[in-house]
Amino acid sequence: QVQLVESGGGLVQAGGSLALSCTTSGRTFSTYHAGWFRQSPGKEREFVAAHNWWDASRYYADSVKGRFTISRDNAKNTVYLQMNSLKDEDTAVYYCAASSTISGVYRTNYDRLGSYDYWGQGTQVTVSS
């Protein structure tokens, strides 16, 4: 069982930065792919960023490419999402997720909710203009 806990959300002005963290308890995070998703009121949960543990590939949604960076520290069992140049439309609850999908499949399915086995409770990010 992998339990994920997100932190780092909050209120920030447009153009500002926030860094989210996702820490696991129980099993190590190092052999799971990691993903960040977000959900705004009235909208479906959408993919933001992902990290393939096998080859360290990183994937991003077009809407955040160049502004967000996913990284991980296996020694701390933690995955991060650095968010810069935040926009109003980035306002959402952000969720961390872990996937045990084999890497070959994950490379083409990292953006699908069904690829992930475990989810955190989410952390609110609010961007004000």
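Select Trp 119 to begin: with a relative accessible area of 26%, this residue is partly exposed. The model on the screen is a predicted one. Trp 119 is placed in strand β10. Leaving aside neighbours within four places in sequence, Trp 119 is in contact with Leu 4, Phe 37, Arg 45, Tyr 95, Cys 96, Ala 97 and Leu 113.

**The aromatic cluster**

One aromatic cluster is formed by Phe 37, Phe 47, Tyr 59, Tyr 106, Tyr 110, Tyr 116 and Trp 119. A search of the whole structure finds 10 aromatic pairs. Among them is the pair of Phe 37 and Phe 47, which is edge-to-face, with 5.7 Å from centre to centre and 75° between the planes. Phe 37 belongs to strand β4 (residues 33-39) and Phe 47 to strand β5 (residues 46-51), so this pair ties together parts that are 10 residues apart in sequence. Are these two residues, Phe 37 and Phe 47, buried or exposed? Both Phe 37 and Phe 47 are buried.

Tyr 94 counts as buried because its relative accessibility is 0%. Which residues is Tyr 94 in contact with, leaving aside its neighbours within four places in sequence? They are Glu 6, Leu 20, Trp 36, Phe 37, Arg 38, Val 48, Phe 68, Leu 81, Met 83, Gly 122, Thr 123 and Val 125. Show Glu 6 from this list as well: the C-alpha atoms of Tyr 94 and Glu 6 are separated by 8.2 Å, although the two residues are 88 apart along the chain.

**A buried loop residue: Asn 77**

Turn now to the loop between β7 (68-73) and β8 (78-83), where Asn 77 is found. Is Asn 77 buried or exposed? Its relative accessibility is 17%, and Asn 77 therefore counts as buried; the cut-off for that class is under 20%. With neighbours within four places in sequence left aside, the residues in contact with Asn 77 are Cys 22, Thr 23, Thr 24, Arg 27, Thr 28, Phe 29 and Ser 30.

**An exposed loop residue: Arg 112**

Arg 112 is found in the loop between α1 (103-106) and β10 (118-119). With a relative accessibility of 51%, Arg 112 counts as exposed, since the cut-off for that class is over 50%. How many residues apart in sequence are Arg 112 and Ser 30, and what is their C-alpha to C-alpha distance in space? The two are 82 residues apart in sequence and 20 Å apart in space.

**Two residues with positive phi**

Most residues other than glycine have a negative phi. Select Ala 56, in the loop between β5 and β6 (58-60). Phi of Ala 56 is positive, near 65°. Ala 56 is partly exposed, with a relative accessible area of 44%. Then move to Ser 85, in the loop between β8 and β9. The phi value of Ser 85 is also positive, near 50°. Ser 85 is partly exposed, at a relative accessible area of 40%.

**The whole chain**

One helix and 11 strands make up its list of helices and strands. Followed along the sequence, the pattern reads β-β-β-β-β-β-β-β-β-α-β-β. The radius of gyration is 14 Å, close to the 14 Å that the globule rule gives for 129 residues, so the chain is as compact as a globular protein of that length. Along the principal axes, the C-alpha trace spans about 40 × 25 × 25 Å.

Of the 129 residues, 46% are buried. Among contacts between residues at least 6 apart in sequence, 61% join residues at least 24 apart. Switch to a surface view: the chain exposes about 6400 Å², and carbon and sulfur atoms supply 47% of that area. Colouring by charge shows 12 positive and 11 negative side chains, the centres of the two sets lying 4 Å apart.

How values were computed: Residues numbered from 1 in each chain as written. Predicted model: local features only at pLDDT ≥ 70, side-chain atom pairs only at ≥ 80, totals over all residues. Heavy atoms only, no water. Helix = DSSP H or I, 4+ residues; strand = E, 2+ residues; numbered from the N terminus. Rg over C-alpha atoms; globule rule 2.2 N^0.38 Å. Buried < 20%, exposed > 50% of the residue type's maximum accessible area, 1.4 Å probe, protein only. Contact = heavy atoms within 4.5 Å. Areas by Shrake-Rupley, 256 points an atom, 1.4 Å probe, with all protein chains shown as cover. Lys, Arg positive; Asp, Glu negative; His and termini not counted. Charge placed at Lys NZ, Arg CZ, Asp CG, Glu CD. Phe/Tyr/Trp six-rings, centres within 6.5 Å; stacked < 30°, edge-to-face > 60°.
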